[in-house]
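Here are some notes to read alongside the model. I have kept them as numbered points so that you can follow each one on screen.

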Amino acid sequence: MSKLTQVEEGKAAGGAAGQEEPADKLSAVFPSYARFDISLVKGKGSWVWDDKGNKYLDFTSGLAVTSLGHAPEKVGAKLKEQIDTLWHVSNLFHIPGQDKVAQLLTENSCADQVFFCNSGAEANEAAIKLARRYQQKIKGVDRYEVITFEQSFHGRTLATLTATGQQKVKEGFLPLPAGFKTVPLHDLSALKAAIGEHTAAIMIEMILAEGGVLEVQPEFLEAVSALCKEHGLLLIVDEVQTGMGRTGKLFGHQHYNIEPDIFTLAKGVASGFPAGLMLGKGYLREAFSPGSHATTFGGTPLAAAVMSATIETMLEDNVPQLAAESGSYLVGQLKEKLADVPFITEIRGKGLLIGIECKGPVGDIVLAGQKKGLLFVTAGPNVIRLLPNLYVSKEEIDQAVDILSELIHTYATEANGEA
C-alpha cells in the first residue's frame with residue numbers, strides 16, 4: 001500500500017477533517033487512528049509541548065487518564081523507585097503491591113474483591129465473564145445475557161464492542177458474540193421487556209462520556225438497581241471514565257443511592273501507566289476460582305506501584321472534592337460566557353467531565369482550539385468534551401473558557417447560529 005493510499009484510506013474510514021496522518025509519518029503503523037497533526041513530546045501539570053516547541057493548555061488529560069496532571073512528582077518518584085527494584089513477575093506468585101492497591105480501593109468503596117488487568121476493555125471483559133460464571137457456576141442457572149444501553153461505550157474487544165451501544169464501533173466485525181441486548185437509555189419499559197430467563201446482568205455508565213456526556217437520571221438508576229434485585233441480576237457499573245475522582249466523587253456511582261455488584265476502573269487509576277481493575281462484592285469471590293480468569297501483565301510490581309501512589313495522592317489531597325469545586329466553577333464560567341450563544345444547546349456533566357452540546361458539528365472548533373493553544377475533544381459530532389486534570393487551577397480554567405468563548409462566538413457568528 002502506498003503512503004498516499006494510506007491517507008486516502010484514513011479519509012474513507014471517517015477521519016475528521018484535518019486529522020489525517022501526514023503521509024511521511026508512521027508509515028509502518030496501522031492507520032486505525034484519525035490523528036491530529038500534533039506530536040506531543042513533553043508534559044507538566046496542565047500543560048503539554050509539541051516537537052516544535054508550541055505550548056498547549058491540555059483539557060483532554062489523555063482522555064481522562066492523567067487526572068493528577070502530567071508527570072505528577074509523587075507518582076513519578078514511586079515509579080522510579082520501583083524501576084530499580086523489580087519490574088515484572090508472574091501472577092503465579094504473590095505481588096505485595098497488589099494487596100496494597102486492593103486494600104486502598106476496598107476500604108474506600110463498596111467492593112470487597114479486586115482483579116487486576118491492563119485496560120478498561122479488559123476490566124469490562126472481566127466483569128462480563130464474572131457475571132456469567134457467577135450465574136452459571138455458583139447459582140447454577142443458564143444465564144449469560146448482558147443488557148446495555150444505546151450510546152454507551154464499553155471497549156474495543158469483540159465482547160465489549162458488542163456491549164457498546166454505538167453501531168459505528170461494530171462495523172466490519174461480524175459475526176458479533178451472542179449474549180448481549182441493547183436498549184434506549186431511560187426507557188424503563190424497554191429495559192423490563194429485555195429481561196428474560198437468560199439475563200445475567202445489566203451494565204451501565206454513570207455518565208455516557210463517549211456517547212455525548214449524558215448523565216443517567218437518578219430515578220432511572222434506582223429502578224435499574226431494583227430490577228437487578230428483583231430478578232437476581234448483577235449490576236455492573238462501568239467507571240472507566242467516571243471513576244477515580246473525575247465526577248467529584250472517588251467513584252461516579254457514589255453520587256447515587258446504589259451499590260453495584262461489580263464496577264470497573266482504568267484511565268485515571270494509574271496516571272498514564274496502563275492499568276485496569278474489576279472490583280466486586282465478596283459473594284462473587286468463588287466465581288473466579290483458580291484458573292477461571294488470568295492475565296500476564298495485570299497488576300505487575302510497576303503497575304501496582306503507580307496505582308498505589310496515584311490512589312494515595314488522591315485520598316491525601318482530597319482530589320475528588322477539588323474536581324467537584326473546579327467543575328462547578330468551570331460550568332459557571334461557561335454558562336456565563338456562552339449565555340448569549342443560541343448555537344449552544346446545553347452545558348452538562350459532573351465534576352471535571354463536562355459536555356457542551358451544540359446545534360451542529362464541533363470538529364472545526366476543536367481544530368481551531370489547537371491553533372489557539374487549547375486541547376479538547378468531542379463526544380459525538382455535536383458535543384465538546386472537556387477533561388482537564390483534577391488539580392486544574394482557576395486561572396487555567398479562566399484561560400480555557402476565554403479561548404473557548406471566543407472560538408464558539410466566532411464559529412456561531414460565521415454560521416449565523418445555524419446547525
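**Notes on the model**

1. Let's start with helix α2, which covers residues 61-64 and contains L63. This is a predicted model, and here it gives L63 a positive phi, near 65 degrees, although the residue is not glycine. Most residues other than glycine have a negative phi. The side of the story told by accessibility is that L63 is partly exposed, at 31%.

2. Q151 is another residue to look at for its backbone. Its phi is near 75 degrees, again a positive value in a residue other than glycine. You will find Q151 in the loop that joins β5 (145-149) to α6. With a relative accessibility of 37%, Q151 counts as partly exposed.

3. Please also check the peptide bond from L174 to P175, which is cis, with omega near 0 degrees. Most peptide bonds are trans. P175 belongs to the loop between α6 (158-163) and β6 (180-183).

4. Helix α5 deserves a point of its own. It runs through residues 120-138, 19 residues in all, and spans 26 Å from its first C-alpha to its last, close to the 27 Å expected at 1.5 Å a residue. After the helix comes G140, which has a positive phi, near 70 degrees.

5. Which residues of α5 are buried? They are G120, A121, A123, N124, A126, A127, I128, L130, A131, Y134 and Q135. When you look at how they are spaced, keep the helical repeat in mind. An α-helix has 3.6 residues a turn, so residues three or four places apart point the same way.

6. How many disulfides does the structure hold? The count is zero. C117 is in no disulfide, and the nearest cysteine sulfur, belonging to C110, is 17 Å away. C117 is also buried, its relative accessible area being 2%. C228 is likewise in no disulfide; for this residue the nearest cysteine sulfur is that of C110, 13 Å away. C228 counts as buried too, at 3% relative accessibility.

7. A brief point on Q217, in the loop between β9 (214-215) and α8 (218-231). Is this residue buried or partly exposed? Q217 is partly exposed, with a relative accessible area of 36%.

8. Now for the protein as a whole. Its secondary structure comes to twelve helices and 17 strands. The radius of gyration is 22 Å, close to the 22 Å that the globule rule gives for 419 residues, so the protein is as compact as a globular protein of that length. Taken along the principal axes, the C-alpha atoms fill a box of roughly 60 × 55 × 50 Å.

9. Two last items concern contacts and surface. Among contacts with a separation of 6 or more, 70% are between residues 24 or more positions apart. Of the 419 residues, 51% count as buried. The accessible surface comes to about 19,000 Å², and 52% of that belongs to carbon and sulfur atoms.

Definitions and conventions
Residues numbered from 1 in each chain as written. Predicted model: local features only at pLDDT ≥ 70, side-chain atom pairs only at ≥ 80, totals over all residues. Heavy atoms only, no water. Helix = DSSP H or I, 4+ residues; strand = E, 2+ residues; numbered from the N terminus. Expected span 1.5 Å × (residues − 1). Buried < 20%, exposed > 50% of the residue type's maximum accessible area, 1.4 Å probe, protein only. Disulfide = S-S within 2.5 Å. Rg over C-alpha atoms; globule rule 2.2 N^0.38 Å. Contact = heavy atoms within 4.5 Å. Areas by Shrake-Rupley, 256 points an atom, 1.4 Å probe, with all protein chains shown as cover.
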